[in-house]
Amino acid sequence: MLKIHNVSKAFKNNDKSVNVLENINLFVEKQEILSLVGQSGCGKSTLLRIISGLEKASSGHVKLYDEIITKPSSSIAMVFQDPRLMPWLNVFDNIKLSILNDNKETQKFKINNTLKKVGLENAGDLWPRQLSGGMAQRVAIARALVQEPKVLLLDEPFSALDSFTKTNLHEHVKDLWSSLKITIVMVTHDINEATGMSDRILVLQKPVKNKISKNEIIKINQPRSSYKNDEYNELIKNCIFKTNNIQTAAFI
Amino acid sequence: MYLILKNINLKLQDKFPKYLSCNLIYQLSHNIIGIVLPIIIIIIWYLLTITETVRNNLLPPPQEVIDELLNLSSDGTLFSHILITLSRVFYGFVFGAVVATILGVITGVSPTLRSFFDPTIQALKAVPSLAWVPLFILWFGIFEDSKIALISVGVFFPIYLNLMMGIRQIDKKMIEVAHINNLNYFQTVRWVLLPGIIPEWVTGLRSGLALGWMFVIAAELMGASEGLGYLMIDGQMTGRPALIIGALILFAIIGKITDEILYISAKPFLKWKVSLNTMQEEENNA
Ligand SMILES: Nc1ncnc2c1ncn2[C@@H]1O[C@H](COP(=O)(O)OP(=O)(O)OP(=O)(O)O)[C@@H](O)[C@H]1O
Ligand SMILES: [Mg+2]
């Protein structure tokens, strides 16, 4: 349903043009969970932002079904790495931001429903400053889910959380995914997260001059079981090792 | 002093039911504590005058000041002086605040309009405010309009500057959130820009109001037949220090009250902010 076609992106940094993404091609199936992994700075967030419509590709395009994405739309929701809640709005109103055009009744119904789903049914009146990190992140996820998007983009939304909250939220997202039948593209630094949650993993490489970089895709067999994680771990590391000779131990 | 009051507070808490005592007495003790210093000053003032350490024709004793004010208020003149000063501040403040808010918002939102307006406004800011007086008198006459214009000028700058900076400093990430959630322009202004700058706006309004009070005195000292500033001049001309001091105290009290009104009416919009105050209040409500 999501088609990424020959997407490249160059940024101008101090008059120097830096290629961040080069000719990315990818097809994401409906209801698939796809993880993006790769070194810091290899363009994962940039790719996600291009899919969301926040950023324009230098060349190539992204299509949702048959429509080229040019600007943010309500079919695609995004959760940033930091929760990005408006400090001046309480939890309820923060979530309301993504469904401002609905009428009041619908808003109330949807928001209370979503709050329940992320386990925050009593937090509607709280200010962001009164939330824990995990709660704030769940509010951010609720804000993305309440608009019932077709595609959910997650940019390392769990990376700042402790492993307990993380596991909890993984379960949440999986539940929501199976009940809402959405497609998820997720950036992560955590291989267990990638192998545990996704159908496929795209390993992004930094473009190297005069070299065609190869972005590998790893398919995770379903149903997953945890003992296989080590196997995948190796596989992903190999992927990155193959094209890059930089020490890789630290970056995932 | 604070500790003593806190102790009283604690002791009282033992006697009263907690839900009653806690909040109320805490609040009261906080309000009372602000009155302590003025009372000390009045006592020292009283002692200085009663012992004739300072000559009474320079610093009259407190009761003389009170007498003077009571005397003036008996036929309603004091009240009308207060009213006229208040109305000058009010109109000057409203006029200055409205213009400053509009200009602050549009220069904050649009870089083009900022480069168009801001250099001029910053240059005007450098003009000493009293330098406007001759021009305003020429333009608006010697009566109300020129005074209100002068007050507006004073009120304008802090509000304008705070607003413009406030809008410019709004986190770009928040704008992105608005963008990704498909907020249109007005929704972005309503849900992101305006609520985000209320703290800066209130800060601007409060310093604007303070300058408004400063400028109303300037305006009234320079020529008025009514108002608190006029009373001071009158006191100077007729050699009545009690009147000058009385007017001074009234300025202080009324200025403080208007600031408090502004602050209290803004408070509901600032609940989201963490400040030391809100933390203490929440601690006490818990
Ligand atoms: N707005 C921008 N202007 C200029 N350069 C940018 C911009 N955004 C990103 N870049 C550059 O693009 C590259 C990729 O950035 P991106 O944020 O996509 O990396 P990432 O893979 O998400 O890294 P991380 O894992 O650390 O989040 C970086 O080298 C960064 O310097
Ligand atoms: Mg990133």
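My entries below start with ground rules, then go to the ligand and the helices.

**Ground rules.** I am working with a predicted model, where local features need pLDDT of at least 70, side-chain atom pairs count only at pLDDT 80 or more, and totals for chains, interfaces and linings use all residues. Residues are numbered from 1 along each chain as its sequence is written, chains are lettered from A and ligands numbered from 1 in the order written, and side-chain values use heavy atoms, with hydrogens and water left out.

**Ligand 1.** I looked up the shell (residues with a heavy atom within 4 Å) and found 13 residues, the closest being A:Ser40, A:Gly41, A:Lys44, A:Ser45 and A:Thr46. Helix α1 (44–52) and strand β1 (2–13) of chain A each give the shell at least two residues; helices (H or I, at least four residues) and strands (E, at least two) are DSSP runs, numbered from the N terminus. The largest share, three residues, belongs to α1(A).

I then went through polar contacts, meaning pairs of N or O atoms within 3.5 Å. A ligand oxygen sits 2.6 Å from a side-chain N or O atom of A:Ser45. For A:His189, a side-chain N or O atom is 3.0 Å from a ligand oxygen, and a polar backbone atom of A:Gly43 is also 3.0 Å from one. The protein covers 63% of the 640 Å² of accessible area (Shrake-Rupley, 1.4 Å probe) that ligand 1 has on its own.

**Helix pair, chain B.** I checked α5 (residues 111–125) against α7 (residues 144–168): their axes, lines fitted to C-alpha atoms over the stretch in contact, come within 11 Å and cross at roughly 145°. Residues in contact (heavy atoms within 4.5 Å) include B:Arg114 and B:Ile121 from α5(B), and B:Phe156 and B:Tyr160 from α7(B).

How values were computed:
Axes are lines fitted to C-alpha atoms, for helices over the stretch in contact, and angles run from 0 to 180 degrees between N-to-C directions. A polar contact is a pair of N or O atoms within 3.5 Å; within protein, one must be able to donate a hydrogen and the other to accept it, and residues adjacent in sequence count only if both atoms are side-chain atoms.
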